[in-house]
Amino acid sequence: MVIMMKLNAPQADVEKVKEKILTENCKAHLITGNFKIAIGVTGQTNKLSEEEFLTMDSVEDVVRVSKPYKLVSREMKAQDTIINIDDSPIGGQELTIIAGPCSVESRQQLFDIAGELKEMGIKYFRAGAYKPRSSPYSFQGLKEKGLEYLADVRKELGMLIVTEAKDTTTLPLISECSDIIQIGARNMQNFSLLEEVGKLSNPVLLKRGLAATIEDLLMSAEYILSEGNYNVILCERGIRTFETMTRNTLDLNAVPMIKKNSHLPIFVDPSHGIGIADKVPPMALAAVAAGADGLIIEVHNHPDKALSDGFQSLTPKNFKILLDKLSQLAPIVNKKMGNYVSIN
Ligand code: PEP
Ligand code: MN
């Protein structure tokens with residue numbers, strides 16, 4: 001349920017509505033970014049009567065949200081959510097590029113790659129310190145040491161850090177070291193983890209599960225928003241299908257479908273989506289053409305020696321070629337590449 005307040009509604013009237021919501025054992029969420037104030041209501045809203053709210057001062061309208069996901073839906077909030085991080089906003093007209101290796105492997109490796117990306121104007125640097133791998137025998141990440149190196153990149157190079165939280169135990173440490181917390185595909189329905197990131201203020205990059213529908217992804221995002229963290233970025237990263245020639249099947253249908261049904265930014269990860277380095281650029285371009293708000297791309301200076309996902313990682317040189325193409329495409333789809341500075 002969403003309660004629309006009249007234009008210039010006094011704060012006292014807004015507070016009264018919020019109090020009433022709380023006394024009914026429901027939660028009130030202030031919807032920002034709207035011209036007028038709106039209050040989203042979650043919980044057992046079927047027990048609430050529209051009429052009772054409609055008779056309160058400054059209430060203009062009460063609308064029931066028909067979708068199972070509420071706070072993430074366009075019905076709840078018509079305008080696109082824009083997430084303000086530093087001076088690099090995400091969503092709206094921005095096209096944001098997150099790049100970096102799959103994993104933190106060493107301090108040297110991290111600084112070498114981050115340095116090259118920074119020179120290209122990349123602000124968001126990705127690398128996993130905790131790696132949830134399909135096999136327990138695969139490289140599991142440098143863990144705390146990896147976070148320490150990421151914190152150094154943040155401090156010394158001034159880049160914004162995107163790194164994955166694998167569980168609730170390490171979450172507080174990851175929250176300190178990162179600007180965006182990544183929730184990986186394998187954890188998309190780890191509801192305890194979703195609830196915990198929902199209590200933090202870090203923006204969250206929520207990746208679609210390997211066998212999750214678009215609605216499952218939106219429902220998982222709802223867990224995070226319902227706890228009060230409204231800064232969620234959705235990410236299509238490919239799903240399992242009968243196809244075996246590619247690592248996953250990048251479901252670009254998700255982009256326009258999510259744009260229609262949710263106000264949250266939607267990113268695409270073409271690296272995991274197709275899983276073959278030289279096929280990443282065309283899929284990255286296709287994602288932007290489909291309306292993606294950003295891309296997360298794996299880049300490694302020695303892909304053949306990478307401890308994870310080398311086969312799908314672009315070299316800095318090939319990544320630079322892709323960036324140039326993206327910067328040509330962006331204005332055609334009405335996007336600005338705000339965090340990319342051409343060094344030609
Ligand atoms: C990753 O980003 O390196 C990763 C493990 O992604 P996913 O969770 O989408 O598999
Ligand atoms: Mn990876």
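Accessible areas here come from the Shrake-Rupley method with a 1.4 Å probe, and for residues only the protein chains shown count as cover. By that method, the accessible surface of the protein chain comes to about 14,800 Å². Carbon and sulfur atoms hold 53% of that surface.

Some ground rules come next. This is a predicted model, in which local features need pLDDT of at least 70, side-chain atom pairs count only at pLDDT 80 or more, and totals for chains, interfaces and linings use all residues. Residues are numbered from 1 along each chain as its sequence is written, chains are lettered from A and ligands numbered from 1 in the order in which they are written, and side-chain values use heavy atoms, with hydrogens and water left out.

Start with the overall fold. The protein chain has 11 helices and 12 strands. Both are DSSP runs numbered from the N terminus: helices are H or I, at least four residues, and strands are E, at least two. The radius of gyration is 21 Å, close to the 20 Å of the globule rule for 344 residues, so the chain is as compact as a globular protein of that length. That radius is taken over C-alpha atoms, and the rule is 2.2 Å times the number of residues to the power 0.38. Along its principal axes, the C-alpha trace spans about 65 × 45 × 45 Å.

Now look inside. Of the 344 residues, 55% count as buried; buried means under 20% relative accessible area, exposed over 50%, and partly exposed in between (1.4 Å probe, protein chains only). Take contacts (heavy atoms within 4.5 Å). Among those with a separation of 6 or more, 67% join residues 24 or more positions apart.

Cys-102 and His-272 link distant parts of the chain, 170 residues apart. Cys-102 sits in the loop between strand 5 (96–100) and helix 3 (107–119), and His-272 in helix 9 (residues 270–274). Cys-102 is buried at 3% relative accessible area. His-272 is buried too, at 9%.

Finish at Leu-157, in helix 4 (residues 144–157). Leu-157 counts as buried, at 19% relative accessibility. Leaving aside neighbours within four places in sequence, its contacts are Phe-111, Ala-114, Gly-115, Lys-118 and Asp-152.
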